[in-house]
Structure formats: structure tokens, C-alpha cells
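Please read these notes with the model open beside you. They are set out as numbered points.

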Amino acid sequence: MTASHRHRIAVVYIRQSTLVQVREHTESTARQYALAEEAARLGWAAADIEVIDADLGLSGRSTTHRDGFKHLVARVCLGEVGAVFGLEVSRLARSSADLSRLLELARLTDTLVIDADGVYDLSDINDRLLLGLKGQMSEAELHLLTSRLQESKRAAARRGELRVPLPVGYVYDDEGGVVIDPDAEVAAAVADVFAAFAATGSAYAVAGAFAGRRFPRRAYGGAWAGQIRWGRLTHARAAGILTNPVYAGAYVFGRRRTRQVVHPDGSVHSSTTELPREQWQVLIHDHHEAYVSWEQLLAIEAKLAGNRTNAGARPPREGTALCQGVVFCGACGRSMQVRYQDRHPRYECSHSRADHVATPRCGSVRADTIDEVVTEALLAAVEPDQIALALAAADEVTARRQRSVRAAELAVERARYHADRAERAFHACEPENRLVARSLEGRWEASLGELAEAQAALATQASTQPSLPRPEQLAAAVADLPALWSAPTTTDKDRKRLLRTLLGDVTITPSPQDSTRLDIGLRWRSGATQQMQVTRRHSAVQLRNTDPAAIALARRIGPSLDNAALAAALNAAGHTTGTGTPFTVDAAGNLRHYQRIPYPGLLHDGERTPRQVAEHLGVSTGTVHYWIASGFLPARRGPADRWCIPFPPEVEAACRDRATGSPHQHTDIDPRPRDHDEHTIPDIAARLGVKPDVIYNWTERRYLPARRGPGGRVWIRFTPNTETACLQRIATSYKLPADVKAQAQQRLERIAV
């Protein structure tokens with residue numbers, strides 16, 4: 001121990017494995033704190049002695065959560081520590097890997113390790129060997145202690161005498177036996193969980209049944225250890241209670257396994273996994289009084305497994321779609337989803353569309369279209385003669401499956417024989433004879449591969465075949481099915497369960513010849529199949545369509561009749577509209593419009609339309625309509641309710657006289673037609689980005705060349721030079737908004753470029 005060591009700090013590392021040791025083994029803790037006095041006696045100043053006690057109550061098996069040990073390693077690595085004090089090496093770490101890492105850093109930084117047995121200089125090979133041996137012995141000691149304790153626990157568990165924390169609803173009596181909690185409220189709450197599951201069939205529904213009710217929970221550890229606390233029943237707790245074998249009267253030990261796993265960041269954590277039932281270490285039936293029987297527990301587990309949609313299960317739901325979960329698309333082979341819209345559920349092939357693998361025949365169909373046919377087939381299948389056929393078919397399918405599975409089992413047996421034979425030949429060969437050994441080894445590996453393939457084929461054969469109901473179950477299910485099906489107390493979920501008792505799945509395939517027809521395939525649990533056809537339901541638009549016969553008649557006689565005569569002819573033939581009402585003039589006009597049936601000739605000889613009269617006289621169309629409304633100009637309503645004006649020479653002369661003497665008529669009408677570069681005032685205003693009032697003002701001030709054409713409309717010749725002049729006027733105006741002026745300036749700059 002040199003001055004170089006004393007110039008650096010001395011670290012006293014203190015650790016106890018559990019909080020119980022910290023609370024009860026105070027003498028050991030005091031001895032570790034006294035090491036600070038030993039450091040002072042060896043020459044370190046009080047200011048240079050640092051005590052690290054952050055790991056009190058933590059096991060030394062690993063460095064996880066041991067911040068004090070990590071701090072010690074960091075200080076040693078930085079060369080700030082002259083000596084590390086510990087009551088014994090096992091206080092530093094119970095893992096040889098962690099201790100070796102610390103000792104190697106201490107060697108590199110010339111740091112001493114001091115315990116109750118002496119001072120160790122890690123640069124000395126003998127000291128390194130001695131500390132390494134102590135670390136190995138410490139780890140082995142922990143292993144032996146743990147093994148003895150675990151074996152004692154397993155021995156007590158095999159007798160069913162190991163006391164373990166009990167779930168809520170059970171307590172230990174004075175003699176150590178497991179009994180149902182004498183608290184009636186607690187016992188009733190647990191019993192109601194299983195009763196609610198029997199009524200609803202799902203853990204989610206059980207949690208919903210307890211939404212407004214408190215549920216007991218036993219506290220483990222802390223100030224309330226062993227006490228009953230009340231709270232809300234969550235879905236996870238409900239699922240845990242329903243699958244806990246303790247409630248079936250079983251004593252279980254070794255349901256879970258805890259292992260150390262390394263995370264990507266290098267940290268080590270404990271991971272607990274639940275083991276399959278065949279790997280449980282201890283399972284004692286009828287160990288104590290049960291809430292449910294063991295058979296009921298197995299049925300509950302099977303029901304919960306059937307509810308896991310993320311594992312591919314399709315349990316019956318509450319919706320009205322009867323075939324939910326068992327309907328498939330015949331075009332792509334994928335399952336069809338149920339979509340509820342406008343009170344009518346639909347079966348929709350949405351999986352293939354989402355994956356962009358949909359075929360042209362994938363689509364959707366209203367659920368009641370399929371459900372009605374499936375219901376009829378189901379009720380027809382439960383007639384007495386059909387029941388006998390179904391039972392016979394089920395026996396035949398069972399025998400056929402047994403034969404196929406037996407063939408796969410024999411193939412596995414033969415492959416195992418060849419593999420064993422190849423193994424014996426390989427072991428009988430002399431190891432030095434590598435030429436023969438390599439051939440035998442390759443033959444053995446090929447035999448093992450064939451065995452694995454045969455076993456996989458057998459597993460596939462067994463897993464892909466759905467289980468058949470027993471004959472007595474089949475007969476009991478169909479005995480009173482029609483009455484049970486239509487009973488008002490039967491829910492949609494109950495009907496789905498009844499359906500799945502007999503029916504395996506439904507396949508919907510659109511007919512390739514007729515898109516309105518659907519081919520429906522039923523696969524029964526007995527192994528039989530059934531093919532049917534159904535017609536799609538008409539949509540609301542299709543139901544309101546006019547009869548094709550009425551349309552054909554209208555096309556034949558419509559071009560020679562007006563709307564009133566067409567309506568009378570359709571009514572006389574016994575036709576009605578799509579809504580079932582007789583044809584009116586408006587209905588006949590709508591039919592003519594939508595079906596594009598031509599009108600009869602509009603004008604008689606000597607008649608003109610209001611637009612033709614206006615253009616001929618040089619007045620506006622509104623003036624002509626005013627003359628008709630005031631009675632000055634006689635007119636009649638033609639087809640499609642259009643005006644037809646008799647226009648002999650005397651009527652034309654009267655109209656010209658009235659137009660000439662009217663103060664409302666324009667006197668500057670130019671009869672020339674519009675040129676290609678002439679535009680209206682609204683069109684020019686839109687092109688310049690200003691209001692039409694601005695253009696009106698410019699025409700009145702003669703800023704723009706304008707003339708009044710036929711009908712009184714103002715036409716403006718708008719050339720590129722005129723447009724440039726207008727933009728300059730806008731950009732320099734003090735009355736127009738700033739944004740309008742800015743846009744005009746930008747357009748001028750673009751024109752200049």
C-alpha cells in the first residue's frame with residue numbers, strides 16, 4: 001500500500017441481498033459501515049473516504065438495477081479509486097463475470113481490493129488467482145443455497161403442502177388448508193365471474209358485467225400485504241381468474257418460468273413466461289373446494305382460445321349478420337368482413353382489397369340475402385330424414401378421417417424405424433473410418449429429415465380437420481331447432497352459435513354469366529356440401545325504376561305525342577311510374593328527358609320561339625316574354641312547356657311599332673353578329689380581375705371600344721393592346737384595391753418580358 005493509493009479515494013462498498021436482511025441483520029450492516037474506520041486507520045483522510053450504499057436490499061446475482069456497483073466500476077475505470085473496501089468478495093458481486101470485469105479494471109488502474117482477510121494487489125498473479133477463486137466459490141455457494149431451497153420447495157409442492165400466495169376468493173385456515181374465503185361478498189364476486197362468463201361467453205363481457213360493481217383484490221407485499229382491497233374488475237383480471245386452475249380445485253406449482261434475457265442495449269432483465277400444462281411441475285386435482293369443475297375450466301379455456309381473433313379465431317358477435325366469421329369469398333378464397341351501413345349489414349371482401357390482391361369478382365352483398373338462404377337450408381337440414389342422413393354422413397366422415405390419420409401415423413412409424421436403423425449403423429461404425437462414417441452420417445441425416453417431414457404431415461393432417469360433433473350432440477342440437485330459432489328470447493349471438501353447431505362455413509361466388517346471381521356453397525360439419533343460387537336484392541334506385549315495358553311503349557309513341565297525350569297513353573296501357581303512381585304530364589316529361597325520347601315538332605307553320613322573335617326584332621328576350629305575359633303578343637305552350645308564337649306580318653308590324661315607340665328600347669342596336677375577338681363585360685372583368693362595374697364605367701367614358709349587338713347586349717373588342725392598356729389603367733388607379741393593382745403590375749411585367 002503506497003502513497004499513490006492514498007492520494008486517491010477509498011471506496012467502501014456496502015450491500016445486503018434483501019430488505020429483510022437490512023431490517024433484521026443490522027450487525028452485518030454495521031460491520032460494513034465500520035470499514036470506513038479501517039480505511040482511516042490505513043492512512044486515508046476522512047475526506048477521501050466514500051461510502052457507496054445505494055445497493056442495500058439488492059441481490060448481487062447481476063448488475064441490473066445496482067446503480068451503486070455501476071458507480072463503483074465507473075470510478076475505478078477513471079483511475080480515481082485507490083482501494084475498494086468490502087466485508088467479503090461476495091459483497092461486490094455474486095457473478096464471476098461481473099467480479100472479473102471489476103478486478104480487471106482494478107489491475108489496469110492499480111486499485112487495491114481490501115476485505116476482512118487482507119489486501120490484494122491485482123497486478124500480482126497470486127492475488128488475482130485468490131480473488132478469482134473466492135468469486136467462483138461465492139457464485140457456487142449461491143447456486144448451492146438456491147438449489148437446496150428450490151428442491152425443498154418442490155418437495156413440499158409435490159405433497160401439496162407448499163404455501164403459496166392464494167388468489168382472491170381463497171384463504172388458508174388455521175390448519176394450513178385452502179378454503180373458500182368466508183367473506184360472503186368476496187366469494188360471491190368470484191362465483192359471479194364464472195356465472196357471467198357462462199352467460200356471455202367472453203372475458204370482455206364479464207368485465208362489462210362488473211362495470212358498476214366493485215371487485216376484491218388481494219394485496220401482495222407492502223403495508224396492506226394479505227388484505228383485501230376493492231376496485232374495478234379489468235379485462236386482464238377477468239381473463240386471469242377464468243383461466244386460473246386454483247379455482248377448479250387444483251394445486252399447481254411451476255406454471256411459470258423466469259429466465260434472464262439480454263436486451264439490445266446490453267442490459268439483463270428477468271422474463272417470465274407461462275408454460276404449457278404438460279410442463280407444469282406439480283398438478284394435484286381435487287386439492288381443495290372449487291368454484292368450477294376441472295372440465296368446466298377446460299371448456300372455459302377452449303372458449304377463450306376461440307375468442308382470440310388475433311390468432312385467427314372468428315367467434316360469434318352480437319350483430320345481426322348471421323354468417324359473420326364463417327363466410328368466405330369464392331373468388332379470392334379469403335374471409336369476408338361484415339360492414340354495417342344504413343341499417344343493412346353487408347358481407348364485404350375487404351381483406352383482398354386492402355392487400356391489393358382483389359379479383360374482378362370480389363365484392364360485397366347484403367347479409368340478409370345470404371342469411372335467408374342459409375337459414376332455410378339449416379332448418380331443412382334438421383328434418384327427421386335429413387338428421388338420419390347427417391348422422392350417417394358424420395360416421396362416414398369420421399371413419400374416413402381415421403383412415404387418413406392412421407396412414408399418416410404409419411408413415412411416421414416407418415420413417416422413425418429407418419432413422420433409428422441409420423443411427424445404429426452410424427454408431428456401429430469405427431470413428432477412424434471416416435469414408436464410411438461420412439456416408440452413414442449423411443444417410444442418418446436424410447432419414448431424420450424424412451421423419452421430420454412425416455411428423456409435420458401428420459400434424460397438418462390432424463390440425464386442418466375440424467372436429468366433428470358427437471352423434472348425440474348433433475341429435476340434441478337439432479331436436480327442437482325450428483322453435484328455438486324463431487323464439488324472441490334467442491339472441492343473434494345464440495343463433496350464430498346454433499348455426500355453427502351444424503354448419504362449417506359458407507362460400508359466396510358471383511356467377512360468371514350473370515352478375516346478379518350468386519353461387520352459395522355450404523360445408524356442413526358432417527362433411528357434406530351443398531350448392532345453391534340466389535339473386536341479389538335490388539337497390540333502392542333499382543326498385544324505383546320504371547317498368548321496361550312502359551319505357552319501350554314511350555319510345556314507340558313518344559316522338560308523335562306531347563307529354564299530356566303520352567301520359568294518357570301510358571295510363572291507358574296500365575303502366576305506372578317507378579313509385580307506383582299514375583303518369584302525369586310532369587312524369588311523362590321526366591321520362592322523356594331521362595330516356596332521351598324526342599319531342600314531336602315544336603312549331604307550326606308561321607310560328608317562332610321567343611328567342612327567334614327577339615333576334616328578328618332586335619330586342620331582348622325578356623321584352624318578348626313581357627309582351628306575352630301582358631297579353632300583347634299571343635302565344636301557346638308547346639311540348640316541354642315551351643312558348644310557340646304565331647308571327648304573321650301584321651303581328652310583326654305591331655311589335656316593331658311598339659318597340660320603336662318604347663322608351664325602354666335601345667336605339668343603338670348594331671345588327672352585325674359577334675366577332676371572334678369581341679367579349680361581354682363580365683368576361684372582360686373576370687380576365688382583368690376587377691368588378692363588372694369598372695368595365696361598365698370605362699365603356700360609358702369611351703375608354704373601351706364597345707357596341708350594342710342584337711338583343712341589347714354590349715360587345716367589347718378586346719385585343720392584346722386593349723388588354724395591356726386596361727392593365728396599365730388598373731395599375732395606376734387610385735381607387736382600386738392594392739392587391740388588384742399588384743396583380744395587374746405583375747401581369748404587365750410578364751408581358752414586357
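1. Strand 15 and strand 16 (residues 344–348) run antiparallel and are joined by five bridges. Two strands count as paired if DSSP finds at least two bridges between them. Helices (H or I, at least four residues) and strands (E, at least two) are DSSP runs, numbered from the N terminus. Across this pair, Val-338 stands opposite Tyr-347 of strand 16.

2. This is a predicted model, in which local features need pLDDT of at least 70 and side-chain atom pairs count only at pLDDT 80 or more, while totals for chains, interfaces and linings use all residues. Residues are numbered from 1 along each chain as its sequence is written, and side-chain values use heavy atoms, with hydrogens and water left out.

3. The open sheet is formed by three strands in the order 15-16-17, with antiparallel pairing. Its edge strands, strand 15 (337–341) and strand 17 (364–366), each pair on one side only. On average, neighbouring strands of this sheet are turned by 30° against each other, direction ignored. Helix 14 (residues 367–381) packs on the sheet and touches strand 16 and strand 17; its direction makes about 65° with that of strand 17. Axes here are lines fitted to C-alpha atoms, for helices over the stretch in contact, and angles run from 0 to 180 degrees between N-to-C directions. Contact means heavy atoms within 4.5 Å.

4. Which residues touch the most other members of the largest nonpolar core? Among its 33 residues they are Val-193, Phe-194, Val-206, Phe-215, Leu-233, Leu-242 and Tyr-247. Such a core is a set of buried Ala, Val, Leu, Ile, Met, Phe, Trp, Tyr and Cys residues joined through side-chain atoms within 4.5 Å. Buried means under 20% relative accessible area, exposed over 50%, and partly exposed in between (1.4 Å probe, protein chains only). Helix 9 (184–200), helix 10 (203–209), helix 11 (235–242) and helix 12 (294–306) each supply at least two residues of this core. Helix 9 gives the largest share, eight residues. A second, separate core has 31 residues, including Val-327, Cys-349, Leu-499 and Val-506.

5. Gln-227 sits in the loop between strand 8 (215–218) and strand 9 (228–231). Leaving aside neighbours within four places in sequence, Gln-227 is in contact with Arg-217, Arg-218 and Ala-219.
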